[in-house]
Amino acid sequence: MEENITECLVGQPCKAPRVSLDTSGDPEARQNIDVLPALTQKLGKAHQVVSILGLLSEHQRKTNEMRKRTKAGDQMKGTRSVCFLLLFTGVFSFRFQELTQYVNTHQEDFVQTLKEWIAVESDSSDVTKRPDLHRMMEMTAEKLKLIGGKVEMSDIGTQMIANGSSISLPKVVTAQFGEDPTKHTVWNLYGRGASDNKAPVLAWIHAVQVYKELNIELPVNVKLLLEGMEETGSDGLYEFIEKQKDSFLVDVDYIIISDCVWLSKRPAITYGTRGNCYFFAEDLHVQMAMKSSVLSPAELLTQFHPNSSLTLKLSIPAHKILGQSSWWIEREVQEVEGPKKDLHSGVYGGTVIEPMTDLIGILDKLISAEGQILVPGIREAVEPLSDEEWKRLQEIQFDLHTYKQEIGVTRLMYSNKARATHVEVLAHRWRYPTVSIHGIEGAFSSSGTKTVIPAKVIGKFSIRQVPNMDPPTVEKQVSDYLHSVFAKRKSPNKLNVTMVIGAKPWLADPKHMLYEAGKAAIRKVFGEDPDLIREGGTIPIAQAFQDVTGKSIIMLPIGGFDDGLHSQNEKISRYNYIEGTKLFITFLNEVSQIKKS
Ligand SMILES: CC(C)C[C@H](NC(=O)CN)C(=O)O
């Protein structure tokens, strides 16, 4: 599969910007879609077009701001799909040719819908975009109604944001197609977003639509559940599925999620994901060296108040443990903000113990240059790789050279070992924990040379979870460790460590019949066997679904290995989108063949 994307100078007025969905591997069938001109017209300004590309991620928006030249791939943000099924009824004649031919002849319509969805900046990590996210959920519900679904939109409450106020969470959309008790019921859950994961969501909706348009009976009952907060931890969804356990979810047999990507050019089926523990390490205030003792909030108040340079704030962070039955652990945190101002590094530098220096010092102690996690207890908890797992990894064809090329690096973390194999690289990608440092809030990060001492900085990092790591334990390990590292610095500043997401890993049994159905559908549509893979990223709700329903989950990706999720050039090829739609159509039929145990 080859990429065919049109270049666009992001951040600069684009005269004829285009986003292409290509029919990879088939040069004759390649067709570009002109997304940006339509959007430019709609929005009137080229720079707004650029921010549409940015809808997919914070990262991408930042790149836009930096006016980097980048490829404007097919960018979409993610929702995901989950399917369940119920009973099986006898003989069903699967009209494969007719259904897939319909997809071929209607691919322009499907691409057009995707263009319209991409144009909505439904980014859950950006609270200023919340109206777009609400609109996206409305559009999704409308689309499902149009194709005859029994659709409901459920309010799942509010989310507390950084400034302490609450904003409403996007509604969860549920839809049902078919209530025949003699048939399987398939429930598709769509998480949130765009290419990661709007195309897979639409492919699922279109799969149902094609059956409807052709008046071909759905081989299974289908239930869809769509949420808009997946990429920031699926806020509110855990309570929702607990509540729906005995109603919407009660007759569901299987769950399908399509919020992941292939490993290579070969189609894939995913049977495990890593979890994620996401931390904020706040170094709270600069204290003048002359007031060098660590003061309690009350002391600080009496010292500084009523000088109005000090405020005492109480907040409840969204502290979550996901993937277990008590979803939320809330804790009160006293957050003291010291002198509000940043300081001039010439005037004050040398007299203050700088929060940024403290923060960098402790972040540096999380992981070694060789990739070894330094937090005591974490590596010890990891379940050893079994021979079976090792064998499965060995069977996967994975070319390290192509991988390095795709991400643009010359050396990988473990490739300096004498016997670096693809097995080691895949194990470190899917099966071992890792630490990533994501950002520092409050740091000077613009271009130029501002000589500032930031008064308050928040380091953001996460640790990917694998069996047998346990988020509450990891939280304690990380917090204790960072506080001990910080204590050694004898800094008068104050450190707060808060875990804001605690999502468990998910692992399924790939020998389950559901996986055979997936393989059969892939063989039929793509003419080859899929890779059986795991995913290094996290679907926070996955393990929770498995725990709450007790049903099997399969992840059936249609995204390409080089789609660049969360990156500057996120895209999906037309090939993956259209053939993926055929895959879902076919998979519904394969699932209907599974005998009820
Ligand atoms: C827990 C994370 C915020 C979840 C996020 N999920 C995805 O990107 C799935 N599309 C992740 O970083 O893995």
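Me: Which residues are around the ligand?
Reply: In this predicted model, the residues around the ligand are D196, E230, E231, D259, N276, R464, G537, T538, I539, P540 and H566.

Me: How many of that shell are nonpolar, polar or charged?
Reply: The shell around the ligand splits into five charged, four polar and two nonpolar residues.

Me: ok, and how far is a ligand nitrogen from the side chain of D196?
Reply: A nitrogen atom of the ligand lies 2.7 Å from an N or O atom in the D196 side chain. For the side chain of E230, the distance from a ligand nitrogen to an N or O atom is 3.0 Å. For the side chain of D259, that distance is 3.0 Å.

Me: How much of the ligand's accessible area does the protein cover?
Reply: On its own the ligand has 360 Å² of accessible area, and the protein covers 89% of it.

Me: Changing topic. Where are the domains in the chain?
Reply: Domain 1 takes in 96–274 + 505–593, and domain 2 takes in 277–284 + 332–382 + 432–501. Their C-alpha centres are 35 Å apart.

Me: How many residues are in contact between them?
Reply: Nine from domain 1 are in contact with eight from domain 2. The area buried between the two domains is about 600 Å², with 64% of that from carbon and sulfur atoms.

Me: Which three residues of domain 1 supply more of its buried area than any other three?
Reply: R274, P505 and T538, which supply 69% of what domain 1 buries against domain 2. T538 is also one of the residues around the ligand.

Conventions. Residues are numbered from 1 along each chain as its sequence is written. This is a predicted model: local features need pLDDT of at least 70, side-chain atom pairs count only at pLDDT 80 or more; totals for chains, interfaces and linings use all residues. Side-chain values use heavy atoms; hydrogens and water are left out. Domain bounds come from an automatic or database domain assignment. Contact means heavy atoms within 4.5 Å. Buried area is the accessible area (1.4 Å probe) that two parts lose on being put together, summed over both. A residue is near a molecule or strand if one of its heavy atoms lies within 4 Å of it. A polar contact is a pair of N or O atoms within 3.5 Å; within protein, one must be able to donate a hydrogen and the other to accept it, and residues adjacent in sequence count only if both atoms are side-chain atoms. Accessible areas come from the Shrake-Rupley method with a 1.4 Å probe; for residues, only the protein chains shown count as cover. Ala, Val, Leu, Ile, Met, Phe, Trp, Tyr, Cys and Pro count as nonpolar, Asp, Glu, Lys and Arg as charged, and the others, Gly among them, as polar.
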